[in-house]
Amino acid sequence: MLETKKFSPPKQRAFDARFEAQKIAFGPVVFHCVRYAWKRGMLQALAEAGEAGVTLAALEATGRWSRYALKLVLESCLSAGVVMIQGGRWQLDKAGFCVVSDDITRVNFDFIHDVCYQGLFELERSLDEGKPLGLAHLSGEGDWPSIYPVLSQLPEPAKSSWFAFDHHYSDTSFPEILPDVFATAPKRLMDIGANTGKFSLAALAYDARAELNLVDLPQQLAVADANLTAAGLRERAQLHARNLLDADAVLPTGMDLVWMSQFLSCFGEAEIASIFRRVAACLGSAGQVLVMDTFWDRQRYDIAAYCLINTSPYFTAMASGNSKVYESGDYVRLAEAAGLRLLTMRDGIGYCHSLLRFARA
């Protein structure tokens with residue numbers, strides 16, 4: 001698939017390619033103008049005007065924006081196909097409707113602006129040094145080696161935007177995969193990278209016989225602990241504080257099923273290989289591993305692949321310095337090297353997830 005994947009139209013004219021190149025060059029400018037029009041209500045005003053549109057003078061008369069701001073921002077939006085102008089009246093174009101009404105678009109906008117934008121200025125240095133140097137734009141005076149131990153400490157609005165981004169994509173997948181999780185009737189399950197405990201809560205509610213073992217950093221487990229307690233499910237959960245970056249951090253053994261969702265993409269390949277080795281060692285005799293993640297090469301639509309590919313620089317500049325959104329073959333290769341074998345691969349879960357099932361080789 002990699003050899004044939006292409007995002008440009010076949011036989012694209014040189015003139016059109018040059019226009020696309022200018023869109024890339026001015027992309028940051030357009031991003032900020034469209035975001036301003038959205039957050040300050042310009043796009044909503046056009047949406048409310050409907051097909052009749054509204055004049056610049058009428059927008060200015062509301063007192064919400066100066067004529068200068070209206071002309072500058074709306075003209076940038078016009079160039080991006082977010083708005084259009086007919087007979088001197090401004091209207092919302094189709095992309096503009098997505099900005100004001102599409103959940104994924106809005107979540108992505110907030111994530112890029114609130115979490116990533118300033119830090120991405122350090123992408124070049126982050127790539128060269130293998131460290132998330134852009135994280136300093138969120139940490140202030142703090143020296144954070146990665147974003148994961150401090151997710152609960154992120155300043156607002158970065159904290160809310162990070163969790164909204166994470167949960168928006170994962171929450172659509174959990175209801176679909178619980179039958180897969182319990183297809184082999186596992187009793188002892190391990191949720192590695194448990195985060196706030198969303199999957200564990202869903203699994204415990206799905207099967208009253210299940211016992212969940214949550215593995216994550218202490219800071220994340222504290223949140224999961226509170227959520228499990230509030231749901232009345234704490235007695236069937238065991239918490240195991242582990243830093244999986246520590247190659248000597250062993251996992252509890254005898255597991256019927258190990259679950260990892262949007263977890264391995266937080267690490268570089270050497271670390272993923274180490275995690276797979278420890279996961280293989282913790283399985284019971286018939287234990288299996290389920291990995292749910294977003295693989296850009298398994299997407300049905302280019303829009304999904306585009307979003308996933310361009311999430312990778314966040315991992316470089318802000319999260320870890322060495323992780324990314326991977327191709328599915330990378331996980332399979334690393335799992336096989338750790339003594340596992342791929343049983344099944346299922347795509348089309350939620351917005352853009354795939355589910356990989358492994359057993360011991």
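# Exercises on a predicted chain

With 361 residues, a compact globule would have a radius of gyration near 21 Å, and the chain, at 23 Å, agrees with this. The radius is taken over C-alpha atoms, and the globule rule is 2.2 Å times the number of residues to the power 0.38. The model is predicted: local features need pLDDT of at least 70, side-chain atom pairs count only at pLDDT 80 or more, and totals for chains, interfaces and linings use all residues. Residues are numbered from 1 along each chain as its sequence is written, and side-chain values use heavy atoms, with hydrogens and water left out.

**Exercise 1. Describe the chain as a whole.**

Step 1. Take the extent: the C-alpha trace spans about 70 × 50 × 40 Å along its principal axes.

Step 2. Take the secondary structure: the chain has 17 helices and nine strands. Helices (H or I, at least four residues) and strands (E, at least two) are DSSP runs, numbered from the N terminus.

Step 3. Take the burial: 49% of the 361 residues are buried. Buried means under 20% relative accessible area, exposed over 50%, and partly exposed in between (1.4 Å probe, protein chains only).

Step 4. Take the contacts, meaning heavy atoms within 4.5 Å. Of those between residues at least 6 apart in sequence, 67% join residues at least 24 apart.

**Exercise 2. Classify the aromatic pairs.**

Step 1. The structure holds 13 aromatic pairs. Rings of Phe, Tyr and Trp (its six-membered ring) pair if their centres lie within 6.5 Å; planes under 30 degrees apart count as stacked, over 60 as edge-to-face and the rest as tilted.

Step 2. Phenylalanine 31 and tyrosine 117 are a stacked pair, 5.4 Å centre to centre with 20° between the planes. This pair links distant parts of the chain, 86 residues apart: phenylalanine 31 is in helix 2 (residues 27-39), and tyrosine 117 is in the loop between helix 7 (103-116) and helix 8 (123-129). Phenylalanine 31, at 15% relative accessibility, is buried, whereas tyrosine 117, at 25%, is partly exposed.

Step 3. Tryptophan 162 and phenylalanine 163 have ring centres 5.0 Å apart and planes at 75°, so this pair is edge-to-face. Both tryptophan 162 and phenylalanine 163 are buried.

Step 4. One aromatic cluster is formed by Phe31, Trp38, Phe109 and Tyr117.

**Exercise 3. Which ring face does lysine 39 lie over?**

Step 1. Apply the criterion: NZ of Lys or CZ of Arg within 6 Å of the ring centre and within 35 degrees of the ring normal.

Step 2. Lysine 39 lies over the face of tryptophan 38, 4.1 Å from the ring centre.
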